[in-house]
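Biologist: Hi! I'm new to this one, could you walk me through it?
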Amino acid sequence: MGNIGPAEHPSSGASGGAWFISHAGADRAWAEWVGWQLLDAGHQVELDNWDWGAGDNFVEKMSAALERGRLLALLSSAYFERGRFTTPEWTAMVAMREKITPVRLAEVEVPAILRPLLTRDLFGLSPDEARRVLLEAVNGPRRPDSEPIFPGRTIAEGPRLPGALPRVWNLPARNASFTGRDALLVRLRQDLAENGRVAVQALYGRGGVGKTQLAIEYAYRFAGEYELAWWIPSEDPALIPVQLAALAARTGAAPGGTPPQEAVELLLGQLRTRARWLLVFDNAEDPEVLPDVLPGGTGHVLITSRNPQWQAWASPLSVDVFTRAESCALLRTHHTSLEEADADDLAQRLDDLPLALAQANSLLTWGLSPADLKSELAANTAAVLAAGRPAGYQASLAAQLRLTTARLAAEHPGALALLSALALLAPEPFPVTACVDHLPDSTAVPLVDVMASRLTAGQALEAIRRHSLARVQDGTVQMHRLTQMVLTDAFTSEEMWRAGRQAEGLLTAAQPGNVQEPSTWSGWQVLLPHLLAVDPAMIITDAGRGVVRDACWYLMDRGHPHAARNRLAELYETWSRRLGSDHECVLWTATFLARACGDTEDHERARTIDADTLERRRRLLGEDHPDTLTTSANLAGRLAALGRLKEARALGEDTLSRRQQVLGEDHPDTLATRSQLAYWQREAGDLTGAVAAFDALLIDRLRVLGPDHPDTLATRNELAYSRGEAGDAAGAEAAFAELLTDRLRILGPDHPHTLTTRSELAYSRADTGDLAGAVAAFTDLLADRLRILGPDHSDTLATRSRLAYWRGEAGDAAGAVAAFTELLTDRLRLLGPDHPRTLNTRSQLARWQGEAGDAAGAATAFAELLTDRLRILGPDHPHTLNSRHNLAHWQGEMGNAHAAATAFAELLIDQQRVLGPDHPGTCETRVQLTYWLEQSVDAAQSRDQPRPRPLGDSPPNPFRRTR
């Protein structure tokens, strides 16, 4: 290519040093062309992708380049996008405008700050004209002095103008709607250009991600870098030599009519001696087919494939779905009036899959409104994915998937059986290899053969990976949601039934173990999405139902009772309708559902369910059957949670008597009932009796179960707590410290029971007066519970509550107010306004508002809380009575001693009726009544009397669990 002006005498424009070429990633082809022309004209050039290495600090390199020389800014629409590195480049140079030389690569509006600078245009010109304009911009105008091009030269020495097509070219038409993928295009160009030998890149990914469109766009965007570009459809390997023979005829490597194999040999020989050529093998699925037709030399080969296994012959480059911004940009390419919210919603529904988005674009062009399209997607996504074929694509997504699954069925029927089963589960990784040799006997033969060994399972996974129908990694398979929809939509009723049996077999085989053992929880976490996604009507065996039900127990143990309750309600409704309410599976599901209701503080609903289950089990199994007695013990717990302790203790004592007779004195269930009764004894205020009961129980559990059994450790926990409640704070602290040592040894530091003991020990430190030590311990515990359980787990929230409480007790009332305010926000978000724990947090917040000096604010808050507790809990609930107590206290603190005394007198009557005369709450009210009566008679005489403190809901250990 000819020069403009003498190369050995560059203009003064270069005298300031090298030209730093500033460009957007999407304009890399232009940057390389410009850089070549400047070098050819004798200028020094600094271009990031030529001169900077991996790991270099971009900002430092850019600053150094700008200090040394001048900036040539290649302006395009991409150049001024937010977040581009070019923005800091030209912004840093604004103060030195004389060093900026801008040229435009397309019609683009230049920001006002750069408009005073003279801008030249390189687009819409021939290569020679563009070079002339470029060098005039850099050097200033010069007299032309061109060297003619040698007529016989067939390969140019440098790149042509970007966008100029080679003489030998057969690529498909460019997609005018192509959007995004700038980073992939730059990466692809970089990988190809930096390889000194023949560079082979394989773009792989599942159907519909736009591999072919990416290859076409690359060829057009970097067409100026090549003198030959040839497209070879490769789905049918037998036709590859024929297409290469056609290329041989075009280049003159072989005359027309030469046999294909001979023509291919001649073509490969020619390409090995030439540079700047591009071959694209589209939809090549078998890596073993291409090695014989890959040339040597310094050209470029691009492969598109669903198969990722190209490592032996090419550098694989994964192509995935669009980013959300790319999806929205594509949808709005031809529909600029499409609202951003609608575009985002459609992109989310279509999982950002390029082909699905292109089909949606076509449907919008047909005249469907965004609302119509969303309605169709909600009704039948698979039908939408089968509608139409967008321009530039060979088939719709549904058609592509049907063709690929048909090929898989012919190649590996067992792999298709596995895929069909997974289509009914969640679009999350499924642990396939965990199922090896564990399938139930009822599983169909193709899947049994696949799961016979890890070797046979691996062969099936490789077949699925090769066709890119799912993501395969480390023995797991993850199907895409849209693939699942298309697959299941095509099932016949018989195929659906068969896939359901196979899915149930996989879930049963993957069962991680006893759900109550934390050591199995990592396995349950992986399996959980699938157990929640499967249609309960598809589960027809007791083993399958048990695994699906146990997932809900895992959810409850991990602090997600609301999700468990919703799923259990669905399971109960489905299975009771099919099996009847008396079926054993349905009764156990009801038992789980009652626990979920209790865990969500709906104790009345839990009581109703357990009462119904108890009636059915007594009728079906008899009063003394172990399952009947389990339900009886559960119902007693529901009664206690409702404050009906007398009924709970009566039913518990009857259950204990029957278990002693049926199971024996030393059976674990018998000992568990004794623990339950001791707990209620303590809750009723009989602290001395509770200590004696837990002490006796500990002796028996040590004898029967041994010192390291979880139930023995739980009894030590309850005994220590009861001692603390009975006034022996030092003894409780010592007992919890010893228990913590043993739980750390037996269970490890992250076990929930270990964390519970740490919480109890921190509480005991506070009870012994070490408030600073308690605050420090709860701070450390909170950090660990956040790490292990997450911020929304009930135990994490309880720890925040306790930490806030003891901060207040340690003298930081304002800090307690701030902490409880933040906690209340989270309680409202997670539990809602009427949940008992939300109400408890409001109570704590009101109390500490008062302690911080805002007695009027505390009284107002307690008045509002009392109204809500009367509505939600009723007048006789202990927490309602506590709210009355605290409202009266803060009315007195406001200066209205008479109103406080009157309120405490009325409260005392109700507490004696509901709680009894010796209950701690009743005793505290007597103290408050005496104080405020004296204050109302003669405040002056009573001013030296110690002020009684307000009452918490369950001080100082709200919502404590039995461990």
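Predicted model: local features only at pLDDT ≥ 70, side-chain atom pairs only at ≥ 80, totals over all residues.

Biologist: Good to know. How many helices and strands does the protein have?
Modeller: The secondary structure comes to 41 helices and 14 strands.

Biologist: And what share of the residues counts as buried?
Modeller: Of the 963 residues in the protein, 53% count as buried. The protein exposes about 41100 Å², and carbon and sulfur atoms supply 52% of that area.

Biologist: What about contacts between residues 24 or more positions apart?
Modeller: They account for 67% of the contacts with a separation of 6 or more.

Biologist: Let's pick a helix. What can you tell me about H22?
Modeller: H22 covers residues 542-557, which makes 16 residues. From its first C-alpha to its last it reaches 22 Å, close to the 22 Å expected at 1.5 Å a residue.

Biologist: Is H22 mostly covered or mostly open?
Modeller: Mostly covered: 13 of the 16 residues in H22 are buried.

Biologist: Which residue with a positive phi follows H22?
Modeller: That is Gly559, with phi near 90°.

Biologist: How does H22 sit against H24?
Modeller: H24 is residues 584-599, and the axes of H22 and H24 come within 11 Å and cross at roughly 10°. With an angle like that, the two helices are therefore roughly parallel to each other. On the H22 side the contact includes Asp542, Arg545, Arg549 and Trp553, and on the H24 side it includes Cys585, Trp588, Phe592 and Arg595.

Biologist: Now another pair. How do H35 and H36 pack?
Modeller: H35 is residues 813-831 and H36 is residues 836-851. They pack at an angle of about 160°, with their axes 9 Å apart. H35 and H36 are therefore roughly antiparallel to each other.

Biologist: Is the crossing of H35 and H36 left-handed or right-handed?
Modeller: The crossing is left-handed.

Biologist: And which residues meet there?
Modeller: From H35, the list includes Ala813, Val817, Phe820, Leu824 and Leu831. From H36, it includes Arg837, Thr841, Leu845 and Trp848.

Biologist: Next up, H40. How far does it reach?
Modeller: H40 runs over residues 920-937, so to speak 18 residues, and reaches 26 Å from its first C-alpha to its last. That is close to the 26 Å expected at 1.5 Å a residue.

Biologist: Which residues in H40 are buried?
Modeller: They are Gly921, Thr922, Thr925, Gln928, Leu929, Tyr931, Trp932 and Gln935.

Biologist: What is 34 residues away from Gly414 in sequence but 8.4 Å away in space?
Modeller: That is Val448, going C-alpha to C-alpha. Val448 is found in helix H17, residues 445-450. Val448 counts as partly exposed because its relative accessibility is 35%. Not counting residues up to four places away in sequence, Val448 touches Leu439 and Thr443.

Biologist: Now loops. Where does Asp351 sit, and what is its phi?
Modeller: Asp351 is in the loop between H11 (340-349) and H12 (354-366). Its phi is near 55°, a positive value in a residue other than glycine. Asp352 is also placed in the loop between H11 and H12, and its phi is positive too, near 60°. Asp352 counts as buried, at 9% relative accessibility.

Technical notes. Residues numbered from 1 in each chain as written. Heavy atoms only, no water. Helix = DSSP H or I, 4+ residues; strand = E, 2+ residues; numbered from the N terminus. Buried < 20%, exposed > 50% of the residue type's maximum accessible area, 1.4 Å probe, protein only. Contact = heavy atoms within 4.5 Å. Areas by Shrake-Rupley, 256 points an atom, 1.4 Å probe, with all protein chains shown as cover. Expected span 1.5 Å × (residues − 1). Axes fitted to C-alpha atoms, helices over the stretch in contact; angles between N-to-C directions. Parallel < 35°, antiparallel > 145°, perpendicular 65-115°, else oblique. Left-handed = near helix turned anticlockwise from the far one by under 90°.
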